[in-house]
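User: I have not looked at this structure before. Can you take me through it?
Analyst: Go ahead and ask.

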Amino acid sequence: MTKVAVIGAGSWGTALAMVLADNELEVKIWARRKEQIEEINQHHTNSKYLPNVVLSDRITGHEKLKETLEGVKIVLLVVPTKAIRETVTEIKKELQAPVTIIHASKGIEPGTHKRISEMIEEEFGDSDLLKDVVVLSGPSHAEEVSQRQPTTVTVSSKSSTASELAQDLFINQHFRVYTNPDLVGVEIGGALKNTIALVCGLTNGLGMGDNTKAAIMTRGLAEIARVGVKLGASPLTFAGLSGLGDLIVTCTSIHSRNFRAGFMIGQGKTLDEVLNSMGMVVEGIRTTKAAYELSKKLQVEMPITSALYAVLFEGLKPEQATERLMGRVKKHEVEQLNIDI
């Protein structure tokens, strides 16, 4: 039986552990909190993150990272973007043999503007302990995956062999997995859609409806593609699962933390109040800062992202941000993205 180490026992890490367990893999899941590990092992639940869900006995909880990594060749990394470097450094110290890391986190690092796969590779450096890095992304709420509702995702890596390995590990009758060779596009789409979801929630909080949401999503996708293509991604990726698909599910669902956070901001709550009430990481907030910085660095126009940045970090009122977006100079809808097919 193949062993997989899952690093991160939040809702998404636990849901993916369930998929692996359904595929008859032995899953060792790691978390820092002792009481969480005890609950997983004694009651087969992780009630804080996935209430009313029973976990397979193939999933065992571990508090010690060294113990979690023993005997595994595949590591599933599911931690917030801000914890990636620290966690990877800890993993590297405990490894005894090379591993393939599959990450299912979505974000960009402020300051460096690195994608998560780049952060992982940078932390391993010249070490021979990292075999390959794979990203798993796409429209997938943990709550629905844990209920085995039909879900489709995509995996991508510099190595087609590694992508196919990840596909084989996860694919089953409830969880369909596609491969995509465009690692840059898959990671950029997964990260930047969180910013657009914040804006959709914000406009809903202001009392605006479906017309506004459709406008934000459509023009938001144009921003995402603009940045992605500038970084070398294929524009076709953004019409797929990790682009349009992920954008739809994150911008329209009550399960979306980013949408809920944006909604509260639209209703007048401060950023601190929102973060305190959420109790979980809202990746889009940190990603907004990174995306804004990246747009300036690349000289790429991102008006929706820029307006949200002004709301989150410069004190602009949400109503003023909307007026700023609607008052922009006229332009063509269809853009030339240098598509070479």
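User: Where is the place of M119?
Analyst: M119 sits in helix α5, residues 116-124. Helices (H or I, at least four residues) and strands (E, at least two) are DSSP runs, numbered from the N terminus.

User: And how is residue numbering done, and what kind of model is this?
Analyst: Residues are numbered from 1 along each chain as its sequence is written. The model is predicted: local features need pLDDT of at least 70, side-chain atom pairs count only at pLDDT 80 or more, and totals for chains, interfaces and linings use all residues, while side-chain values use heavy atoms, with hydrogens and water left out.

User: Back to M119. Buried or exposed?
Analyst: M119 counts as buried, at 1% relative accessibility. Buried means under 20% relative accessible area, exposed over 50%, and partly exposed in between (1.4 Å probe, protein chains only).

User: What is M119 in contact with?
Analyst: Leaving aside neighbours within four places in sequence, M119 is in contact with T81, I84, R85, E109 and K114. Contact means heavy atoms within 4.5 Å.

User: What about the whole chain: how many helices and strands?
Analyst: The protein chain has 15 helices and 8 strands. Its radius of gyration is 20 Å, close to the 20 Å that the globule rule gives for 341 residues, so the chain is as compact as a globular protein of that length. The radius is taken over C-alpha atoms, and the rule is 2.2 Å times the number of residues to the power 0.38.

User: What does the C-alpha trace span?
Analyst: About 60 × 45 × 35 Å along the principal axes. Of the 341 residues, 56% are buried.

User: What share of the contacts comes from residues 24 or more positions apart?
Analyst: Such residues account for 71% of the contacts with a separation of 6 or more.

User: Now the aromatic rings. How many pairs?
Analyst: The count comes to 3 aromatic pairs. Rings of Phe, Tyr and Trp (its six-membered ring) pair if their centres lie within 6.5 Å; planes under 30 degrees apart count as stacked, over 60 as edge-to-face and the rest as tilted.

User: Which kind of pair do F170 and F175 form?
Analyst: Their ring centres are 6.2 Å apart and their planes are at 45°, so the pair is tilted. Both F170 and F175 are buried.

User: And Y292 with Y309?
Analyst: The centres of those rings are 3.8 Å apart and the planes are at 5°, so the pair is stacked. Y292 lies in helix α13 (residues 283-298) and Y309 in helix α14 (residues 303-313), so the pair ties together parts that are 17 residues apart in sequence. Y292 is buried at 19% relative accessible area, and Y309 is buried at 15%. Ring pairs link Y292, Y309 and F313 into a cluster.

User: Switching topic: what is phi of H113?
Analyst: Phi of H113 is near 65°, a positive value in a residue other than glycine. Most residues other than glycine have a negative phi. H113 is in the loop between β5 (99-103) and α5, and is buried with a relative accessible area of 15%.

User: And Q299, buried or exposed?
Analyst: Q299 is exposed, with a relative accessible area of 73%. Phi of Q299 is near 60°, also positive, and Q299 is in the loop between α13 and α14.
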